[in-house]
Each structure stands twice: as C-alpha cells, then as structure tokens.
Amino acid sequence: MEEKVITCRNLTKQFGNFYAVNNISFDVYRGEIFGFLGANGAGKTTAMRILCGLSFPSSGEASVAGFDVYRQQELIKQHIGYMSQKFSLYENLTVLENIEFFGGAYGISRKEINKRSEELVRKLGLQREAKKLVGELPLGWKQKLAFSVAIFHQPKIVFLDEPTGGVDPVTRRQFWDMIYEAAAAGITIFVTTHYMDEAEYCNRVTIMVDGKIEALDSPANLKKQFAANTVEDVFYKLARGAKRENSG
Amino acid sequence: MKQLLTFVKKEFYHVFRDRRTLLIMFGLPLVQILLFGYALTTEVRNITIVISDNAKDINSQQLTNKIKSSAYFNVREAVTGSKDIEKILKKGEVKAVVIFPSQFGSDLQHSGKARVQVITDGSDPNTAKTIVNYLTAIIAGYQQQIAPASPLPYTIVPEIRMLYNEEGNGSLNFIPGVMALILMLVCTALTSVSVVKEKELGTMEVLLVSPFKPVMVLISKAVPYLVLSMVNFILIVLLAVFVLHVEVKGSLLLLFMESTLFIITCLSFGLMISNVTSSQQTALLLSMMGMMIPTIVFTGFLFPLENMPYIFQLISNIIPSRWYFLIIKAVMLKGLGFAYIWKETLILIVMTLALLGIALKNFKIRLA
C-alpha cells in the first residue's frame, strides 16, 4: 500500500448558495505528480486554497501531509511548498537574498541555508547571477528559481498553481524535468495547469467541472475511458457540459 | 523571533533599494519644511507701495519717512491723479497706495484732524488686511509722536504681545502641522503601499502559505517604517531648530514619545487601508484622501478650527492628527509637560488601539 499524502472525503466549500467545491473525494500518493485540471471557475483554486491551509472547508474531511485542514493549518503550512501563477519571488532582492528569506520563513537555520543555497545555485548554474537582483534574470530562470525556492525547505508536497504560464516551450520542458526530479526525490507534486500537453506528463489527472470531479485517472486510462486521442479531447468532452461561466 | 528578523531585514532591503520610497521618505520632509518655512509664509515683507503726496508739507513728509523706514514696505513716490492710481494697482506690482490730500498738514495743524487715504489691492484680502494693519499702526505711532502738539484728553494704546511667539515667527505654527502631515503621509501611504504591493505581485500568497503567522507579516511590515519614521521625526526637528530657528521649549523626550505614538497610529491606519485595497494606486489615493486632506483641513494649522461650522468642529475630533497637533504645539511651543496633554495622549492611544485592532482582525478574516 502506497503512502497517502493527501486525502479528501466529500470536501465542500459553499459561498452562500454557490458550491465552489461540491463534494469532492480523492487521494494523492507520495511521490506522485497529480494534475488538477478545470476551466476557470471550476473550483480548482478554491480546493487548492483549502489544501494549503488558506481557507476552511464548509463540510467534508481532508488531510494534507497527515494533518487536518480544520485544526492543523499551521502544521500543514510547515510541510508544504507553494508556487503561484504570478511570479512569487522578490524582484528587488538578489537570488541569494530571496533564498535566505524564504528559507528563514520556514525556520531553517542560517548554516543550513548557506549550505543548501550554495548547492542550489551551483545546480541551477546561477553562480555568476547569485548576487544579482532577481528582477534582472530572464523569465525562464525566474520560474526555475521560484520552483527551487518552493521546495527549498524539503516539503512533503508542493502545490504549483499554473506554474508555467507565459513561459516558452523549451523552458516549460526544462521546468517539467525539474518537477520529475523532485517527484523522484519523494516530493509529491500537486499541479494545476491550462496546458493540456502538460497534463500528459502527470501520473494521474483530475478534471473538475462546476465544482465536481468528473474524471480521475492516469492520462492513458482517461483516453481509453472517453475514447479520445489526447487528454485535451477528454477535457473538452467534459468541459462542454459546464454550466458555469468563467467567473474566476 | 528569528523569522521576524529575517522578515524585517527583507523589508529594509525593499525600502533602501526603492529610490522612490527613499525620496518620499526623506525628500518630502525637507521640501515641506522649507516650503512652509520660507515660501508659504503669511508675513508681509518688502511690499511695494506708492505714496502720493499732494500736500508736501512737514507733516506729510514726516509720516512718509516713517513709512519708508519700516521694513515692511518699499516705498515709491508718485504725484499723480486718482485715475493713475487705479492703473498702478491693476498692474499688480503695487499692493497699496497712500494718498495725502493737499491740505493734510494745515488740517492737522488747525482742526487737529486730518485724513489720509489708504487704497489696497483687495483681490488679495489677506495681504491687504495685513498692509492696512501695519499702516494703521505706523500712522497711530506718528499721531502719538506729535500728540503733545495737539493735546488729546485720553489715549488708549493697545500693547500687543504674541505670547509663545514674540517675534511673530510664521514658521512656528506650521512646524507642528507639517510634522503631523509628513509623518501621516510617510507612515500611512508607504506602509499601505508596501503591503498592497505584495498582494499585487503575488508574493503575499506565498507568505500566507508559509508558516509565517499573518499577524507577524503585518508587524514586520510596520517595523521598518516605524524606525524610518523616527529618524524622519528627528530630521524634521533638526530642520526646524537649525534652519527655521524654532525653539523647542518642552521636553525633547516627551516630544519623541508622543511622536512615536502618533507614528504607530498612522502605521495602523496604513495597515487598515492595505486590508481593504488591492492595488497600490487605490492604497495611495486612500491614504492621501483619508489622511492628508483631513490633516490639512481639520488640525487647525492652516485654517482656524474655531471659525468652522460646529459640525466640522465635531468631525475634527475623530482625526488623529488633530490631537497630535495639539500635543506638539503644547510641548514644542509652550513647553508644557505631560500633565497638560494626557487627555490628548489618551485619545490617541485609544484611536491607535482601535485602528490596530481593526487592521489585525480584518487581516485574519481575509484568510478564512
């Protein structure tokens, strides 16, 4: 039996009469790359916010890294990493200062930060840029750096919210190489994306429509199940039935 | 605690690497102090006036000389008709005309009563009134001087003293006002902008997902601005003392403590604004509208509160800078101690706690 790092049972988030997340259940296993797809307004972000300890569910149960989303938000935060669609590093801090700051925010000791950041800079080939302001780096490098910072404190799970928006195909490919590497090291990847080719890279994919999970399986099985050639086709078949407008 | 230090350090990097912030922080006080100290003064000096002496007798000459010898006026003499007088005033260079009628001296000698006409440019009422006051005083002085020659039964001479500001130094009243204004602007605007900036950039989300406590995020945002504002306060006091020659009569320590309290008030307000806005522009605008204009209008440092309709006087009570202004005036200009300002201090403390409470509470709600 594989270790479950995220479990969700009948998770619901209600805003008045509106069910942003409607009774969803799923498990995510350790080291898995778990794709979370859905049109804008399908409830992806709301679900992710609950799992990240930013918001409370209305009903249902969920645990992340073994901690309860109602009572142990602080512990959840300690064990996850997060990278948003917006560039999430400080442009007017240098590469090293950014690493130092986020490392410090997770309570890593000064010595450990120095050691790890040296390794990281070498791995990314940023030795010459280490003391430059992050704002001066090209976007591709920024995204790679942001991902490295998100997993700098060696979290159990890293949540990636449309991490490759606005990045060129070559960098996207390199970015996914980094994701694979992290997954191989035992970090679970929870990723939302708009790019359907990226969905093919995931171990398993969830498709959300109108707050509900309409499909959940490996890309290959999904294609078989819906008699489609690509995950993109599967997505369109399901999303066509959506009633909600793109309401964010 | 270590996390807090990490965060505060980061905030300092932000401040020192942003030239605009630095400019607002330290350029603004300099400019405002100099502006209010030198440019925006209500004192009237070196005003050009014209004296049209149609009498040319001993009395008119004596009075003319007295006017000339005052530091307030540059006197030009002209013997012209009344039509030309209007022309002169219309040009605007000359602010007032003094006209001696042809029988000035003889009237004074014989009937003991003479008329002198003063015409001022009323399109600038403040200056005009000041000129009239100065001229009246000079004429009254002359009258006194020649009084023995025409014995008057009684004379009442008002002896005017401007207490706490004997020299009529115009900077005096402005300094406390400008201090309130600058601290308000710097603390409120910069703090709110720095929080909202993180929201705009998306880094706030990352901070909230980190184990860093939300309250700590707010506190660490405020700390650098607290420190810098204290430095700023010292800078303003130094400028006031050494450049504008304003004497600090009361305790410097008390002044500093009270200012620190006011800085915290402003920071809390800035944090509160940052909770309800999501763009830097809105935050800046709100700080300006919410703080700067009420500070200018309702503290009484430019416009006397006593002259305002009652309802505005009531409104002025909820403006924190009003109370700070009163405190600073009392300590700095009158040299009063804490016993005289504890009420105002208490009001400020209550306001600060309320603002801070609202700011912290809203910040938490936003997360749920």
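In this predicted model, chain B and chain A bury about 2500 Å² between them, and carbon and sulfur atoms supply 59% of that area. On the chain B side, the residues that give up the most area to chain A are B:R17, B:V209 and B:P211, which together make up 25% of what that side buries. Counted by residues, the contact draws 26 from chain B and 31 from chain A.

As for polar links, 8 residue pairs are in polar contact between chain B and chain A, with both partners at pLDDT 80 or more. The salt bridge count between these chains is 2. B:R17 turns up again here: its side chain forms a salt bridge with that of A:E97, at 2.7 Å from N to O. Looking at where the chain B side comes from, α1 (2-17), α7 and α8 (203-209) each give two or more residues. The largest share goes to α1(B), with 9 residues. Sorted by class, the side of chain B that touches chain A holds 11 nonpolar, 9 charged and 6 polar residues.

Helix α7 of chain B, which spans residues 171-201, also holds B:K199. This lysine is buried but makes no salt bridge. The nearest side chain of opposite charge belongs to B:E200, and it sits 9.9 Å away, whereas a salt bridge needs the nitrogen and the carboxyl oxygen within 4 Å.

Definitions and conventions: Residues numbered from 1 in each chain as written. Chains lettered and ligands numbered in written order. Predicted model: local features only at pLDDT ≥ 70, side-chain atom pairs only at ≥ 80, totals over all residues. Heavy atoms only, no water. Helix = DSSP H or I, 4+ residues; strand = E, 2+ residues; numbered from the N terminus. Buried < 20%, exposed > 50% of the residue type's maximum accessible area, 1.4 Å probe, protein only. Lys, Arg positive; Asp, Glu negative; His and termini not counted. Contact = heavy atoms within 4.5 Å. Buried area = accessible area lost by both parts, 1.4 Å probe. Polar contact = N/O pair within 3.5 Å; in protein donor to acceptor, adjacent residues only side chain to side chain. Nonpolar A, V, L, I, M, F, W, Y, C, P; charged D, E, K, R; others polar.
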